[in-house]
Amino acid sequence: MADVLERVTKIIVDRLGVEESQINLDAKFKEDLGADSLDVVELVMELEDEFDMEISDDDAENITTVGDAVTYINSKN
Amino acid sequence: MNLEGKTALVTGASRGIGKAIALELARLGADVAVNYAGSEQKAADVAEEIKAMGRRSFIVQCDISDSEAVQSMVKETISQFDRIDILVNNAGITRDNLLMRMKDQEWDEVIDTNLKGVFLCTKAVTRQMMKQRSGRIINISSVVGRIGNAGQANYTAAKAGVIGLTKASARELAPRGITVNAIAPGFISTDMTDELPQEAKEQLIGQIPLGTLGDVEDIAAAAAFLAGDGARYITGQVIGVDGGMAM
């Protein structure tokens with residue numbers, strides 16, 4: 001769990017240019033981390049690459065917070 | 001050769017305008033995936049011609065109105081070339097008929113290939129181009145999409161739709177370094193226009209300020225320009241290559 005969060009955090013920091021301290025499980029990509037719709041799509045694409053999985057569009061739509069991403073990845077691994 | 005090291009996917013590249021574009025991109029240095037729907041031998045000939053220029057090329061069969069087939073075509077292109085720098089949405093069909101006689105099927109087939117096909121191919125390459133943070137998408141519309149044409153309600157609607165799709169995708173993808181432009185050819189000498197009766201052809205030529213049909217190379221030159229570095233700052237535009245028919 002910690003490892004997944006760490007890797008997800010790194011991707012978000014790189015992609016969105018936010019501080020690591022802004023990131024917690026409840027943080028919303030759009031509202032809290034300043035991502036636009038395309039940013040979220042790109043984040044999901046990078047998560048797919050990082051964790052070697054495919055995230056369907058339907059599933060991706062439900063990933064709106066850092067916690068959603070971590071939970072989803074853990075449920076698939 | 002300003003396209004050296006670039007890779008391209010051209011739909012409907014076995015003949016006509018698509019073939020001319022594929023060959024021109026290759027001449028300028030690009031590797032080219034040659035898509036075709038039915039003319040396998042002609043597509044293979046185009047690929048051979050490209051390989052003879054020292055570029056990589058392969059043929060890929062795909063009905064572009066079929067979402068899954070489009071996805072596997074794009075996958076195949078990425079696995080062969082590692083990236084897609086240029087997508088040329090050229091493939092198209094006609095099912096001409098007078099509006100009052102036009103069958104639903106004639107309408108649907110043209111919209112499915114000429115408009116939905118452009119959407120599907122664009123959607124399928126977007127992921128790769130977003131990762132690359134660069135890409136050029138060139139949509140082949142038509143002068144009739146700008147000024148209309150009797151007997152081609154389906155084709156005209158699809159080609160006008162392509163212009164709207166070009167502008168929407170240009171806006172959406174601009175922040176990722178991807179440009180999307182359309183070329184609107186006028187009446188170009190191809191198999192499609194050769195089928196027209198002589199009388200209709202003469203009448204057409206009368207509507208062209210420059211007084212002659214265009215050649216496929218005229219369209220290929222515009223596509224090569226849009227694919228090259230010189231068009232870096234151009235997106236969401238429709239370039240008419242039509243002898244002045246639409247101004």
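Start where the two chains meet: select the nine residues of chain A and the six of chain B that are in contact (heavy atoms within 4.5 Å). This is a predicted model, in which local features need pLDDT of at least 70, side-chain atom pairs count only at pLDDT 80 or more, and totals for chains, interfaces and linings use all residues. Residues are numbered from 1 along each chain as its sequence is written, chains are lettered from A in the order in which they are written, and side-chain values use heavy atoms, without hydrogens and water.

About 770 Å² is buried between chain B and chain A; buried area is the accessible area (1.4 Å probe) that two parts lose on being put together, summed over both. Carbon and sulfur atoms give 46% of it.

Now show A:E48 with B:R127. Their side chains form a salt bridge, 2.1 Å from N to O (side-chain nitrogen of Lys or Arg within 4 Å of a carboxyl oxygen of Asp or Glu). The rule finds five salt bridges across this interface.

Then move to the largest nonpolar core, which has 36 residues. Such a core is a set of buried (under 20% relative accessible area, 1.4 Å probe, protein chains only) Ala, Val, Leu, Ile, Met, Phe, Trp, Tyr and Cys residues joined through side-chain atoms within 4.5 Å. Select B:I21, B:L25, B:V32 and B:I183, which touch the most other members.

Finish on B:I21: beyond its neighbours within four places in sequence, its contacts include B:V10, B:I140 and B:A223.

Methods. Buried means under 20% relative accessible area, exposed over 50%, partly exposed in between (1.4 Å probe, protein chains only).
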